[in-house]
Amino acid sequence: MEFSLVLLQLLCPAHIRVCGELRVSHWIMYELEKESLRLYSHYIVHFLRPSYIRGFLTTYLEEEYVEKIISKERLSQTEAAQMLLDKMLDLKEVGWFQGFLDTLRASEYTGLYTAISTWDFRDLETLDPHRKLLDQVEMSITKNMKPRELLPYMSDCLTQRECEEIRAVDEQKGCIAASERLVESLRHCDKSNWFKVFKLALENCSQNLALQLLDPDENGNCVQVCEENDVVMATVCFKYREDGESDNLMSNSETSVPEQCVEGTEGGVASVCERHTEKKLRKYQKELATAAYNGLNTIICAPTGCGKTIVAVDICEHHLKKYPQKAKVVFMATKVEVYEQQYKLFKEHFSKDPDIRVKGVCGDMSDVSLPTLVSNNDVLLMTPQILVNALQRGDVESLNTFTLLLLDECHNTTGKHPYNNIMSLYIDTKHTTHTHSLPQVVGFTASVGIGSFKNVPEAENNICQLCANLDARVITTVTENIDELRSFVHTPEKDFFEVRPRTSEDPFISIIKSIMNNIEQLALSVYKIDTVSQVQKGDYGSQMYEQWIVDVQKRCRLLQFTDPEEERRVCRALYTYTEHLRKYNDALIINEDARTKDALDFMDSFITDISNASSDPTEHHLIDLYHAQRERLLQVAAEEKQNPKLEELQFILDEEYGNNVQTRTVLFVRTRALADALKKWIEETESLKFLKPGVLIGRGRKSQLTGSGMTLTGQKGVLDSFKSSNESKILIATSVADEGIDIPQCNLVLMYEYVGNVVTMVQVRGRGRAQGSRCFLISSRQERIDKEKLNMEREKLVQAAVKDLQTSPDRLCAKVDRFQKEDVARRAYVNMSVEKTLTEGSYELKCGKCKKFVCFSDDLRVLQASHHIVLDCSIFQRCLTKPHNKIKTFDNFTKKEKMFCSECNNDWGIVASYMNIQNLPVLKIESFTVEDRVTKKLQLFKKWRDVTFRIREFDMTETTRELRT
């Protein structure tokens, strides 16, 4: 024995490889290897499952003995592995040891293969504390897991065969048995990262009860779980010395492990203190970050789900280390929902370093001093409009305050988007002051395919314009590590389902079109509305008709008559007629995509709302027109045949969930009203109601059916329910979910008449994160299917354009410089024009619906550069107020009431308080027409920034006694 160990030390495999001239007989070599196998047998038998390397068994062992080993494995894996090891020690065939190593590697025993190859088992020893912890909590954790949901996130530590076996147990014996099988697989796992991967999987699937058994609470206290009905009661205590990073998109080869104390029922305590090392990005993520590491402005373009936010975190950390005491970083997300998600990730990552201060700012936060936050923190996360407002108000002196700007979903840096407002200021500053202290800019996107284009050169121009807007001269994509990227990011398969539309003989369509024709005739009797718009009028129930009627409504608000009363009567009547036509058109669209019942519910809701709010005779006449047909409409809805589109959708859902009940679907629709209609349909369809649909819509004020968007809390609740194991299995969403929001469980994306541009296609498709995901477009219109197929071709053009620009950096830089100079000159001209057109004249604001006088422009003031208030208290004699159902406070400004026209109930805005001043009327300009008191010219404005007259800033001394508390 001693002689063998001496030989082992002298003639280890590594030494033999170095000294190639040394000749050692096969007998001595195999004796050394056998001695080593004996020495480390207690490790090997723990990890090795003989049936997983059956190819080796059948090659070197007798068939009868192989069957004995496999049979023994059904009773005890370790005993079976020991039988195999004992037999291997008797082998004499040349090459058996290398065959054993090759089989281990092919069977994904990476940890065991490395340990035996080098005869270094220290990495495997570090897994002992995790196994002991798992043993202690097994009886509790197996009752709080849903293994099928976890498996898609555990491919880094479980083999495909293990995953299949766990799924089979789940189907045959249920969830708890599958959980036990999963725990058993982890107990014998030789991957050094399995514990971290396991916890991340639990976190991603919101299996918090199980996760709490493996993690301390947010205060670092012990987590105690006592199952009274269990034989074993375990108390799991953790003492963290340093928090580790948390994300499954990083390489887990090196992890930070907590100091743990595991206390069992017998009072024994196992204390484990383990070394702390840093996590590493995957190779493709490092490749994406390289240009940013070097301080370059760059656009990082990579697929959805590859971990771009993790790359952003790492770039941020690299920047903070590179410029200590000086660095100040801003990360911006386009949507509050995404901001919340990313803020949590940044906060968790930097929590391990008390010297790095991270703070998030969003519009819902009250009593926040942005200058203080900027001064006292190293990393700030916010939505871009907050930074725009801060720059306009002077809360942030200039962009030079920061050293790094990180822009999520940077393809939005176009037009009037807040990103472009920020970057326009950045580029204008750069070109006019030639400052060298502007921050580095790094943008992140899944696609740079903005705008319209037909070929590669046109796509190149659009991409170069985006680069110019972001002052980026480098586009970073994964090129060297593309195989690794593809192994982690799964692009859903795309398919198309063309279905037949409803028949033109549909009685609901006929009745609604008849009502619309009657309303048009009534409108024509008041004024020739068919002559006021240049927009082409489409058929009833079409998008073209919607565009026409909106333009007609807008132009009718600008009609002027010599008799003011006649003008008010005509404009109010036309506004009412056009508003009803818009709603009937919406109902036809809902009927086309959902049930007649849903379209009828939509109209019922609209008619009920206006019945309760209006005393206008025109309105009541139109209400009577609807009620005259309602009984017939109810009968039609009751006799309705299934919409062919819904039949196809039901078939797809039945088939997908029949094949895999754990399927998670995101169903994209065009409107909020349709989202609500499909939710009701699923809930009322027997084979689908188990899906418990959730609806995710935007936070805007307007909703066609419910009258308002979702709150952030409501959105969180819906997403949490969708991600949990026993709640919603399908999420019906509008465009709010098509970019940024992380839904890792989703493996089926359905686009229900939902088609956009190339970026939209890439973003929507990217919601399918799970392996084997698929994406279907369901449409009754060939033109929409053709458009999506065209988007797929355009995606290839974008990829070719990016590749060309990467290989020709000089051409990219030249175009960026040219576009920037043109943009700077254009903005300078526009700014000069705006200054010239702003007048000091006096204007009247009139109700946009009934032309009732509201106030004079002389009484308007701007508060905090964004709120437009009226100082004339007499406005309250011309309006009605109702309590605001979403009272909020921000920047010392509190919304309290809604304000409506006393005559036509048109929404004028809100009543708010500011500091110690109460009852401030705050107007929204889109609700009014503006008349020049001298020329009598009427104008409409969508935004206050578009008005052509000057408005003075608010001065506290101007407020009257009535406005003060």
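How many residues does helix H34 have, and how far does the helix reach from its first C-alpha to its last? The legends below describe close-up views of a predicted model.

**View 1. Helix H34, residues 782-807.** The helix has 26 residues. From first C-alpha to last, H34 reaches 38 Å, close to the 38 Å expected at 1.5 Å a residue. Its buried residues are Arg784, Ile785, Glu788, Asn791, Glu795, Val798, Ala801, Val802 and Leu805. Residues three or four places apart in an α-helix point the same way, because there are 3.6 residues a turn.

**View 2. An aromatic cluster around Trp96 and Phe97.** The count for the model comes to 24 aromatic pairs. The rings of tryptophan 96 and phenylalanine 97 are edge-to-face, because their planes stand at 85° with the centres 5.7 Å apart. Both tryptophan 96 and phenylalanine 97 are buried.

**View 3. The ring pair of tyrosine 527 and phenylalanine 561.** Their ring centres lie 6.3 Å apart and their planes are at 85°, so this pair is edge-to-face. The pair links distant parts of the chain, 34 residues apart. Tyrosine 527 sits in the loop between helix H25 (507-526) and helix H26 (543-556). Phenylalanine 561 lies in the loop between H26 and helix H27 (564-593). Tyrosine 527 counts as partly exposed, at 27% relative accessibility. Phenylalanine 561 is also partly exposed, with a relative accessible area of 29%.

**View 4. Lysine charges over aromatic rings.** The charged end of lysine 537 sits over the ring of tryptophan 548, 4.9 Å from the ring centre. Lysine 882 places its charged end over the ring of phenylalanine 900, 5.0 Å from the centre.

**View 5. Glutamine 877 in the loop between strands E21 and E22.** Strand E21 spans 867-870 and strand E22 spans 879-883. Glutamine 877 is exposed, with a relative accessible area of 68%. Its C-alpha is separated by 9.9 Å from that of cysteine 901, 24 residues apart along the chain.

**View 6. The hairpin of strands E25 and E26.** Strand E25 (residues 907-914) and E26 run antiparallel, joined by 5 bridges. Valine 911 stands opposite proline 921 in E26. The two strands have 2 residues between them. In the turn, methionine 915 has a positive phi of about 55°. Strand E26 (residues 917-923) is largely enclosed by the rest of the structure, because 6 of its 7 residues are buried.

Notes: Residues numbered from 1 in each chain as written. Predicted model: local features only at pLDDT ≥ 70, side-chain atom pairs only at ≥ 80, totals over all residues. Heavy atoms only, no water. Helix = DSSP H or I, 4+ residues; strand = E, 2+ residues; numbered from the N terminus. Expected span 1.5 Å × (residues − 1). Buried < 20%, exposed > 50% of the residue type's maximum accessible area, 1.4 Å probe, protein only. Phe/Tyr/Trp six-rings, centres within 6.5 Å; stacked < 30°, edge-to-face > 60°. Lys NZ or Arg CZ within 6 Å of the ring centre and 35° of its normal. Pairing = 2+ DSSP bridges.
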